[in-house]
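Please keep the sequence and the coordinates in view while reading.

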Amino acid sequence: MPDYGDYCPVQLAAEVVADRWTPLILREMVLGNTRFNDIARAMPGISRSLLVQRLRHLEKHGVVETWPAPTGRGSEYRLTTAGKDLERVIDAMARWAIEWLFEEIRPHDVPPTTLMWWMHRRVRPEALPTARTVLEFRHTAPAPQTIWLVLDRGEVSVCHQHPGFDSDAIVTSTTADLADVFQGYRTWAEATADGRIDVAGPPRITSAIPRWFAWSPWTDVTRERAQRPTS
């Protein structure tokens with residue numbers, strides 16, 4: 001009996017991208033992550049062996065290819081032309097979920113380590129200060145945790161231990177309130193104005209911080225959907 005998938009384009013596409021975790025891997029690569037460890041850090045819960053398996057699957061189907069890392073150490077995973085074309089698919093999935101599954105989305109459940117990793121990859125390099133700048137993020141709840149972002153010459157590092165440099169600004173908030181800003185439920189200005197986020201440091205730095213981040217790619221649709229009454 002012939003395989004039904006050979007005749008249905010939806011089935012053929014599903015065999016490539018519809019496995020669990022595969023759309024999230026593609027999300028990370030669309031957003032610019034190319035190193036194995038970087039992709040893994042942005043996806044808490046996936047095992048390293050499963051990530052290897054899924055990347056090989058995508059490589060087999062011509063969506064991903066392996067390149068030597070520019071540093072000469074290790075390798076990178078890059079989207080092929082076919083893989084880059086899936087950006088439209090990932091974007092459509094996100095927008096559909098925000099529109100039709102909005103009440104099921106739980107942005108406050110994101111761990112602080114994952115949120116800070118997302119924030120670090122969503123910086124605007126052209127907007128960053130030329131001098132090294134250290135941002136200290138003090139998460140007060142659900143569990144106290146401090147994480148530093150070190151911005152240096154257009155690059156951003158995430159530090160879970162003190163980086164050895166003085167902090168230029170200190171951001172204090174719950175993880176949930178910071179996640180609300182990242183996702184688009186409220187703006188940075190709104191969160192600081194109502195005391196959900198406290199920022200301490202020189203005004204030239206504290207006033208510039210929100211311009212350094214691009215936030216989630218779906219802040220616009222999230223904010224618009226959040227302002228509509230739920231059914």
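Helix α8 is followed by G184, whose phi is positive, near 110°. Helices (H or I, at least four residues) and strands (E, at least two) are DSSP runs, numbered from the N terminus. The model is a predicted one, in which local features need pLDDT of at least 70 and side-chain atom pairs count only at pLDDT 80 or more, whereas totals for chains, interfaces and linings use all residues. Residues are numbered from 1 along each chain as its sequence is written, and side-chain values use heavy atoms, with hydrogens and water left out.

Helix α8 itself spans residues 175–183, and because 9 of its 9 residues are buried, the helix is largely enclosed by the rest of the structure. Here, buried means under 20% relative accessible area, exposed means over 50%, and partly exposed lies in between (1.4 Å probe, protein chains only). Among these buried residues are T175, D177, D180 and Q183. The cover over the buried residues of α8 includes the helices α7 (112–121), α9 (188–193) and α11, together with the strands β3, β6 (169–173) and β7 (197–200).

Several of these elements return in the largest nonpolar core, which has 31 residues; M119, L135, L149, I209, W212 and F213 have the most contacts inside it. A nonpolar core is a set of buried Ala, Val, Leu, Ile, Met, Phe, Trp, Tyr and Cys residues joined through side-chain atoms within 4.5 Å. At least two residues of this core come from each of α7, β3, β4, β5, β6, α8 and α9, and α7 gives the most, with 5 residues. Leaving aside neighbours within four places in sequence, I209 is in contact (heavy atoms within 4.5 Å) with L135, A169, V171, W188 and V199. Apart from this core lies another, of 20 residues, among them L26, M43, I46 and L79.

The backbone has further points of note. Most residues other than glycine have a negative phi, and most peptide bonds are trans. The peptide bond from A141 to P142 is cis, with omega near 10°, and P142 is placed in the loop between β3 (133–139) and β4 (145–152). R153, in the loop between β4 and β5 (155–159), has a positive phi near 55°. W215 also has a positive phi, of about 60°, and belongs to the loop between α10 (203–206) and α11 (219–226). Is each of these two residues buried or exposed? R153 counts as exposed, at 70% relative accessibility, whereas W215 is buried, with a relative accessible area of 12%.

The largest pocket holds about 920 Å³ of space. On a 1 Å grid over the protein atoms alone, a pocket is an open set of points where a 1.4 Å probe fits, with protein on both sides within 12 Å along at least five of seven lines; lining residues have an atom within 4 Å of a point. Its volume is the space filled by probe spheres set on the points, which are joined across faces, edges and corners. Of the 30 residues that line the largest pocket, L24, R27, I105, W118 and Q183 lie nearest its centre. Helix α6 gives the most to this lining, with 5 residues.

The second largest pocket holds about 330 Å³ of space. It is lined by 15 residues, and H120, R121, G154, E155 and V156 are the closest to its centre. α7 and β5 each supply at least two residues of this lining.
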